[in-house]
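Let us take a walk through this protein together. Keep the sequence and the 3D view open as you read.

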Amino acid sequence: MNVSASPDRTEIVLCSAADVAPGTALKVEEAGLELAVFNVDGTFYVTDDQCTHGPGSLSEGFLDGDIVECNFHQGQFNVRTGAVVMPPCIDPVKTYPAFLRGGKVIIAI
Ligand code: FES
């Protein structure tokens with residue numbers, strides 16, 4: 001497990017930046033979370049992997065800019081904000097603040 005904790009936050013190392021090519025996503029399971037790491041033109045965004053509408057895996061969806069389309073019923077989310085862009089999804093997907101350090105994608109929770 002790639003987790004380090006301080007009194008006010010926990011950092012989780014998810015993957016190498018090189019593991020996620022621009023315009024693609026990677027599913028990462030770490031610290032009991034199932035996450036989708038998205039590379040949008042070199043900026044990394046992290047959301048829960050599971051679609052809020054059903055069993056779809058967002059990392060297996062279709063990424064167009066900062067919009068991911070779930071491959072189950074074609075609902076869409078903005079990966080920067082988690083906001084729903086297209087029904088049938090209603091609830092936003094949870095996002096995590098992500099940053100790069102030493103070539104690794106890290107979230108702080
Ligand atoms: S499971 Fe994702 S849109 Fe239905």
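In what order do the 4 strands of the open sheet that contains β4 stand? The order is β3-β4-β5-β10, and the pairing is antiparallel. Strands β3 (25-30) and β10 (95-96) stand at the edges with a single partner strand each, so one side of each has no neighbour in the sheet. Please keep in mind throughout that this is a predicted model.

**The overall picture**

The protein has 12 strands and 0 helices. Read from the N terminus, its elements run β-β-β-β-β-β-β-β-β-β-β-β. Its radius of gyration is 13 Å, close to the 13 Å that the globule rule gives for 109 residues, so the protein is as compact as a globular protein of that length. Taken along the principal axes, the C-alpha atoms fill a box of roughly 40 × 25 × 20 Å. Of the 109 residues, 30% are buried. If you look at contacts between residues at least 6 apart in sequence, 38% of them join residues at least 24 apart.

**How the strands pair**

| Strand pair | Sense and bridges | Residues opposite each other |
|---|---|---|
| β4 and β5 | antiparallel, 6 bridges | Val40 and Thr43 |
| β2 and β12 | antiparallel, 5 bridges | Val13 and Ile106 |
| β11 and β12 | antiparallel, 4 bridges | Leu100 and Val105 |
| β7 and β8 | antiparallel, 3 bridges | Val68 and Phe77 |

To place these on the sequence, strand β4 covers residues 33-40 and strand β5 covers residues 43-48. Strand β2 spans residues 10-16, and its partner β12 spans residues 104-108. Strand β11 takes up residues 98-101. The hairpin of β11 and β12 has 2 residues between the strands, and Gly102 there takes a positive phi near 60 degrees.

Another open sheet is built from 4 strands in the order β6-β7-β8-β9, with antiparallel pairing. Its edge strands are β6 and β9 (84-86), each of which pairs on one side only. On average, neighbouring strands of this sheet are turned by 30 degrees against each other, direction ignored. Inside the sheet, β7 pairs with strand β8, residues 76-78.

**The nonpolar core**

In soluble globular proteins, nonpolar side chains tend to be buried together. In this model, the largest nonpolar core has 26 residues. Leu14, Ala25, Val37, Phe38 and Val46 are those with the most contacts inside this core. Strands β2, β3, β4, β5 and β12 each supply at least two of the core residues, and β4 gives the most, with 4 residues.

Which residues does Val37 touch, leaving aside residues up to four places away in sequence? They are Leu14, Cys15, Val20, Ala25, Leu26, Val28, Phe44, Val46 and Val105.

**Loops worth a look**

Most residues other than glycine have a negative phi, and most peptide bonds are trans.

Is Ala31 buried or partly exposed? Ala31 counts as partly exposed because 15 other C-beta atoms lie within 10 Å, and a residue would need 20 or more to be buried.

Gln74 sits in the loop between β7 and β8, and with 14 C-beta neighbours inside 10 Å it is partly exposed.

Pro88 lies in the loop between β9 and β10.

Finally, Gly65 belongs to the loop between β6 (62-64) and β7 (67-69). Gly65 is exposed, since it has 11 other C-beta atoms within 10 Å, and the cut-off for an exposed residue is 12 or fewer. Gly65 and Asn78 are 13 residues apart in sequence, and their C-alpha atoms are 9.1 Å apart in space.

Note on methods:
Residues are numbered from 1 along each chain as its sequence is written. This is a predicted model: local features need pLDDT of at least 70, side-chain atom pairs count only at pLDDT 80 or more; totals for chains, interfaces and linings use all residues. Two strands pair if DSSP finds at least two bridges between them. A nonpolar core is a set of buried Ala, Val, Leu, Ile, Met, Phe, Trp, Tyr and Cys residues joined through C-beta atoms within 7 Å. Two residues are in contact if their C-beta atoms, placed from the backbone, lie within 7 Å. The radius of gyration is taken over C-alpha atoms; the globule rule is 2.2 Å times the number of residues to the power 0.38. Axes are lines fitted to C-alpha atoms, for helices over the stretch in contact, and angles run from 0 to 180 degrees between N-to-C directions.
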